[in-house]
Amino acid sequence: MNGDIRDREIRVISSSGEMLGVMTPREALRLAEDENLDLVKISPNAVPPVCKIMDYGKFKFEQAKKEKENRKNQKVVELKEVQLSMTIDVGDLNVKAKQATKFLDAGNKVKVSIRLRGRQMAHASLAKDVMNGFFEKLQEIAVIEKPINMEGRNIIMILAPAKK
């Protein structure tokens, strides 16, 4: 910016956007000072580098404003959890599926987990069947992002909303 430009020649764009041509940084800086504006290098890798005459403070303010607007419009995807048990009944499974449906419709991912206790560890395949049954209830609105996996005493599966 301004005196920090050390190139021999630069291509200059005026504040109105028209091309002024190739000149020395000193000439370009004089033009910028005549308009009470700054000389800003916008494309340093070009040959010759491209500089623009602009109000740098206003440029930074507008850039920060755009960033803030983009952050405001951004949707954060959360990971919600639904815990099942290996001995869950059909009615309870339907209630949990309905809750998971709400999470998926809101655009969130759902972590489905079953904690195995005691002797249930010997029958982990039954817990995987419960997980598969749970997914069958949701397969129209969900896709498996992380398949059924055993981590210690827990069996975990992560579902994501299906693309519409």
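The crossing of helix 3 and helix 4 is right-handed. A crossing gets that label if the near helix is turned clockwise from the far one by less than a right angle, and is left-handed if anticlockwise. The model is a predicted one, in which local features need pLDDT of at least 70, side-chain atom pairs count only at pLDDT 80 or more, and totals for chains, interfaces and linings use all residues. Residues are numbered from 1 along each chain as its sequence is written, and side-chain values use heavy atoms, with hydrogens and water left out.

**The helix pair**

Helix 3 covers residues 90–105 and helix 4 covers residues 124–138. Helices (H or I, at least four residues) and strands (E, at least two) are DSSP runs, numbered from the N terminus. The two axes come within 10 Å and cross at roughly 50 degrees. Axes here are lines fitted to C-alpha atoms, for helices over the stretch in contact, with angles from 0 to 180 degrees between N-to-C directions. Helix 3 and helix 4 are therefore oblique to each other. Under 35 degrees counts as roughly parallel, over 145 as roughly antiparallel, 65 to 115 as roughly perpendicular, and the rest as oblique.

Which residues of helix 3 meet helix 4? They are Leu 93, Asn 94, Lys 96, Ala 97, Ala 100, Thr 101 and Leu 104. On the helix 4 side they meet Phe 134, Lys 137 and Leu 138. By class, the contact has six nonpolar, two polar and two charged residues. Ala, Val, Leu, Ile, Met, Phe, Trp, Tyr, Cys and Pro count as nonpolar; Asp, Glu, Lys and Arg count as charged; the others, Gly among them, are polar.

The largest nonpolar core has 24 residues. Such a core is a set of buried Ala, Val, Leu, Ile, Met, Phe, Trp, Tyr and Cys residues joined through side-chain atoms within 4.5 Å. Leu 84, Val 112, Ile 114, Phe 134, Leu 138 and Leu 159 touch the most other members. Strand 5 (79–84), helix 3, strand 6 (109–115), helix 4 and strand 8 (154–161) each give two or more residues to this core. Helix 4 gives the largest share, seven residues. Another core, of nine residues, lies apart from it and includes Met 23, Ala 28, Leu 39 and Cys 51.

Phe 134 touches Val 82, Leu 84, Leu 93, Lys 96, Ala 97, Ala 100, Val 112 and Leu 159, not counting residues up to four places away in sequence. Contact means heavy atoms within 4.5 Å.

Buried means under 20% relative accessible area, exposed over 50%, and partly exposed in between (1.4 Å probe, protein chains only).

| Residue | Relative accessible area | C-alpha to C-alpha distance |
|---|---|---|
| Leu 116 | 0%, buried | 35 Å to Lys 75 |
| Ala 160 | 9%, buried | 6.3 Å to Ile 144 |
| Arg 153 | 42%, partly exposed | 71 Å to Glu 33 |
| Cys 51 | 0%, buried | 50 Å to Ile 144 |

Leu 116 lies in the loop between strand 6 and helix 4. Beyond its neighbours within four places in sequence, Leu 116 contacts Met 86, Met 121, Ala 124, Ala 127, Met 150, Arg 153 and Ile 155. Arg 153 sits in the loop between strand 7 (142–151) and strand 8. With the neighbours within four places again set aside, the contacts of Arg 153 include Ile 114, Arg 115, Leu 116 and Gly 118.

Ala 160 is in strand 8. Among its contacts, leaving aside neighbours within four places in sequence, are Leu 104, Lys 109, Ile 141 and Val 143. Ala 160 and Ile 144 are 16 residues apart along the chain.

Cys 51 is found in strand 4. Not counting residues up to four places away in sequence, Cys 51 touches residues including Ile 5, Ile 10, Val 12, Leu 39 and Ile 42.

**Backbone exceptions**

Most residues other than glycine have a negative phi, and most peptide bonds are trans. Asn 36 has a positive phi of about 55 degrees although it is not a glycine. Asn 36 lies in the loop between helix 1 (25–34) and strand 3. Is Asn 36 buried or exposed? Asn 36 is exposed, with a relative accessible area of 72%.

The peptide bond from Val 47 to Pro 48 is cis, with omega near -15 degrees. Pro 48 lies in the loop between strand 3 (38–43) and strand 4 (50–54).
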